[in-house]
Amino acid sequence: MIVGGSMAAVKAPSVLRRLRERGAQVQVIATAAALEFITELSLATAAGGRVATEATWFAARPDAQHLTLARADAAVVVGASADLLARAAGGHAGDLAAATLLSVAGPVLWVPAMNERMWHHPAVQANAAALRGWGHTFLGPEVGAFGTLGEGRGLGRMAEPEDIAAATLALLPPAPAVRAQDLAGWRVVVSAGPTREYLDPVRFISNPSSGKMGYAVAEEARDRGADVTLVSGPVQLPPPAGVRTVPIESALELRDAVLDAARGADLVVMTAAVADYRAAEQAQEKQAKVAGDVTVHLTPNPDILAELGREKAGRLLVGFAMETHAGIERAAAKAARKNADFILLNYPTREGTGFGGDDNEVTLVRPDGTSEAWPRTSKREVARRLLDEARQLRD
Ligand code: PMT
């Protein structure tokens with residue numbers, strides 16, 4: 001908050017108190033003229049901290065104070081005088097308030113207070129217009145009594161402290177949502193992405209899984225306090241910070257990594273699109289092209305989810321399923337056969353969902369055949385709901 005040299009500067013403490021009551025952290029700059037109308041002590045008391053003035057700007061200090069102050073999320077100029085408007089519109093930097101206004105990156109709210117004739121002067125109006133042109137906003141002045149004895153009446157009175165506080169708070173960015181650490185103490189294992197089943201050193205069978213669904217689950221679990229291991233097939237996503245990422249290529253590698261990480265885990269989420277088959281014999285050398293058809297012998301890969309389901313050891317198990325038809329029955333049968341607590345069914349046929357997209361549309365299917373269709377939403381939101389569901393099962 002910058003307090004300007006105006007009779008209305010006396011209202012600055014009321015604005016400060018309202019802002020602080022609503023949780024804002026306010027640093028105050030008082031211009032030299034402001035301190036002719038209100039004491040530094042009144043401002044410091046209302047602000048709950050020191051007031052920045054010309055004296056503090058030039059005190060021996062390691063930082064440039066106007067630059068430090070300019071990091072604020074928003075600036076509000078209370079009791080903005082014609083002179084302060086002119087200094088800001090003119091790009092002056094000869095005093096702390098003007099230099100800070102020249103450096104501030106966040107939004108600026110001007111709350112003018114001056115004599116009506118001064119406000120209407122073309123010079124003041126031109127300055128206000130220049131500031132508006134740079135994206136600054138204005139609150140008031142309002143019509144009412146102004147002057148020490150209320151001797152004047154007209155357009156020039158400063159807006160009320162309550163309105164100034166509300167308009168200032170409206171400029172602030174939304175506070176970051178505080179994530180509940182409701183999975184603190186949980187060990188979570190997530191598999192993501194495709195597997196590659198090599199036929200020879202340069203050819204493989206795979207699928208278009210991007211890893212986005214699994215990475216979203218891993219990141220959501222991490223943000224809720226879990227210790228997360230992400231077993232990932234080859235994808236284009238950077239390994240998430242704060243998550244143990246184990247890269248794999250084949251289903252057999254995925255199996256080893258997941259079974260290893262699952263020991264002592266509280267929850268395993270299998271989003272990986274695991275190839276059901278691999279080459280019965282993987283050629284060690286690149287196979288030459290031959291005339292005519294080629295037959296490739298495939299052998300089934302182990303079903304990792306089913307293997308985990310056979311010995312659950314108190315772990316929660318969540319699978320995903322892609323079905324083109326009879327989705328709910330097939331997913332329920334899969335959940336029962338693999339002993340999963342639930343399966344999220346998604347459809348490769350629904351545009352913008354499943355493989356590759358940022359969104360997904362899933363139906364939660366339980367082994368007893370009951371189901372719950374979730375609306376289409378971001379993969380991160382699907383991850384959030386999945387973890388909510390797992391937590392409820394554990395509670
Ligand atoms: O990676 P994205 O681009 O974000 O796409 C996400 C996704 C569409 C790949 C994901 O949401 C998804 O549906 N993953 C599972 C796809 C699949 O392989 O479904 P499935 O019906 O074949 O397998 C059912 C479950 O068993 C899955 O949890 C799978 O990981 C698991 N499985 C399958 C085969 C196998 N050999 N071992 C397994 O553990």
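Which residues in helix 1 meet which residues in helix 10? From helix 1 come S14, V15, R18 and L19, and from helix 10 come P161, E162, I164, A165, T168 and L169; contact here means heavy atoms within 4.5 Å. The residues of this contact divide into 6 nonpolar, 2 polar and 2 charged, where Ala, Val, Leu, Ile, Met, Phe, Trp, Tyr, Cys and Pro count as nonpolar, Asp, Glu, Lys and Arg as charged, and the others, Gly among them, as polar.

Before we go on, a word on the ground rules. This is a predicted model, in which local features need pLDDT of at least 70 and side-chain atom pairs count only at pLDDT 80 or more, while totals for chains, interfaces and linings use all residues. Residues are numbered from 1 along each chain as its sequence is written, and side-chain values use heavy atoms, with hydrogens and water left out. Helices (H or I, at least four residues) and strands (E, at least two) are DSSP runs, numbered from the N terminus.

Let us stay with helix 1 for a moment. The axes of helix 1 (residues 12–21) and helix 10 (residues 161–171) come within 9 Å and cross at roughly 45°; axes are lines fitted to C-alpha atoms, for helices over the stretch in contact, and angles run from 0 to 180 degrees between N-to-C directions. The two helices are therefore oblique to each other, given that angles under 35 degrees count as roughly parallel, over 145 as roughly antiparallel, 65 to 115 as roughly perpendicular and the rest as oblique. Helix 1 passes helix 10 in a right-handed crossing: a crossing is right-handed if the near helix is turned clockwise from the far one by less than a right angle, and left-handed if anticlockwise.

Helix 1 also packs with helix 3 (residues 40–47), at an angle of about 15° and with the axes 8 Å apart. That angle makes helix 1 roughly parallel to helix 3. The crossing of this pair is right-handed. On the helix 1 side the contact uses A12, P13, L16, R17 and R20, which meet S42, L43, T45, A46 and A47 of helix 3. Sorted by type, the residues of this contact are 6 nonpolar, 2 polar and 2 charged.

Strand 5 (residues 108–112) is worth a visit. Of its 5 residues, 5 are buried, that is, under 20% relative accessible area with a 1.4 Å probe, protein chains only. V108, W110 and P112 lie on one side, with L109 and V111 on the other. Strand 5 runs parallel to strand 4 (residues 75–80), joined by 5 bridges, and V77 stands opposite W110. Another 2 bridges join strand 5 to strand 6 (residues 137–138), also in parallel, with T137 as the bridge partner of L109.

The other open sheet to look at has 8 strands in the order 13-12-9-14-17-18-20-21, with mixed pairing. Strand 13 (244–247) and strand 21 (371–373) are at its edges, each with a single partner strand, so one side of each is left without a neighbour in the sheet. From one strand to the next, the twist averages 15°. Helix 12 (residues 251–262) packs on the sheet, touching strand 9, strand 12 (227–232), strand 13 and strand 14; its direction makes about 170° with that of strand 9.

Our tour ends at strand 14. Strand 14 (residues 267–270) runs parallel to strand 9 (residues 187–192), joined by 4 bridges, and V190 stands opposite V269.

Notes: Buried means under 20% relative accessible area, exposed over 50%, partly exposed in between (1.4 Å probe, protein chains only). Two strands pair if DSSP finds at least two bridges between them.
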